[in-house]
Amino acid sequence: MPALQAPAGGHVMEGSTVEGGAGEPGRDTVRETCAVQRNAPYDGPGKLSGSMHLHVGGGHYELTVRDRFDAAHALPGYDGPCQYLHGHTWEVEVTIAGQHLDEVGMLYDFKDAKRDLHGVLENFDHRCLNDVPPFDEINPTAEHLARVVFYELEKTFPAHLSLMEVAVWESPAAKVVYRP
């Protein structure tokens with residue numbers, strides 16, 4: 001197989017390996033070159049300075065993660081069909097803030113934030129919210145759910161982080177946000 005030629009200004013990268021297809025006895029592995037054309041360095045308005053823009057205080061970082069759970073609820077006292085038992089796929093979005101990054105350069109690992117959120121939401125998944133404390137005493141509205149998730153989740157984070165808000169989506173078109 002002929003080697004590919006690099007276009008003008010491009011670079012050639014060696015290394016892709018192509019093996020013969022199934023049912024092709026005796027065909028050996030062939031080595032090809034892959035032509036990759038690189039963009040020329042940008043030299044227009046807004047060109048990057050190359051500075052690391054070290055964080056020296058004043059600003060903060062925010063990270064946001066989402067999770068979802070399925071649960072039913074009824075809203076006693078509500079004048080409409082939601083007074084009856086019905087279900088949602090609830091989506092919960094939380095935003096965490098802080099000023100200090102760890103030695104890797106992270107505020108908090110997304111994986112850990114998702115784990116923490118999931119741990120709280122597991123209490124509600126595939127349940128009737130009206131039976132889950134504190135919703136056995138208060139109406140399980142999206143507003144109350146956002147507040148309850150906020151304070152339960154806040155307990156799980158390290159002290160250097162602040163939970164900024166919890167948003168609860170009852171449907172793709174209906175969201176409530178709780179901020180203390």
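Which are the buried residues of α2? I got A142, L145, A146, V148, V149, F150 and L153.

**Ground rules.** I'm working on a predicted model, where local features need pLDDT of at least 70, side-chain atom pairs count only at pLDDT 80 or more, and totals for chains, interfaces and linings use all residues. Residues are numbered from 1 along each chain as its sequence is written, and side-chain values use heavy atoms, with hydrogens and water left out.

**Helix α2.** My element names follow DSSP runs numbered from the N terminus: helices are H or I with at least four residues, strands are E with at least two. α2 covers residues 142-154, 13 residues in total, and spans 18 Å from its first C-alpha to its last. That is close to the 18 Å expected at 1.5 Å a residue, the expected span being 1.5 Å times one less than the number of residues. Next I asked what its buried residues pack against. I found β3, β4 (86-98), α1 (110-121), β6 (162-171) and β7 (174-178), with contact meaning heavy atoms within 4.5 Å.

**Salt bridges.** I counted 10 of them, each a side-chain nitrogen of Lys or Arg within 4 Å of a carboxyl oxygen of Asp or Glu.

R66 is partly exposed at 47% relative accessible area, while E93 is buried at 13%.

Then I looked at R179 and E165, a salt bridge at 2.6 Å, N to O. This pair links distant parts of the chain, 14 residues apart, with R179 in the segment after β7 and E165 in strand β6. R179 comes out exposed at 55% and E165 buried at 16%.

K111 and D109 also pair up, their closest N and O atoms being 3.9 Å apart. K111 is exposed at 54%, and D109 is partly exposed at 23%. I followed these two further and found a network of salt bridges linking D109, K111, D112, R115 and D116.

**Cysteines.** How many disulfides does the structure hold? I got 0, using cysteine sulfur atoms within 2.5 Å as the test. I checked C82, partly exposed at 24%, and C128, partly exposed at 22%.

**Surface patch.** M52, L54 and V56 form a nonpolar patch with about 410 Å² of accessible area together. Patch members need over 30% relative accessible area and no salt bridge; like charges are joined within 9 Å, nonpolar side chains (Val, Leu, Ile, Met, Phe, Trp, Tyr) within 5 Å. The areas are Shrake-Rupley with a 1.4 Å probe, and for residues only the protein chains shown count as cover. I placed M52 in the loop between β2 (30-36) and β3 (61-73), where M52 is exposed at 68%.

Most residues other than glycine have a negative phi, and most peptide bonds are trans. I noted a cis peptide bond from P133 to P134, with omega near 5 degrees; P134 is in the loop between β5 (127-128) and α2. I also noted H126, with a positive phi near 55 degrees. H126 lies in the loop between α1 and β5 and is exposed at 64%.

Terms used
Buried < 20%, exposed > 50% of the residue type's maximum accessible area, 1.4 Å probe, protein only.
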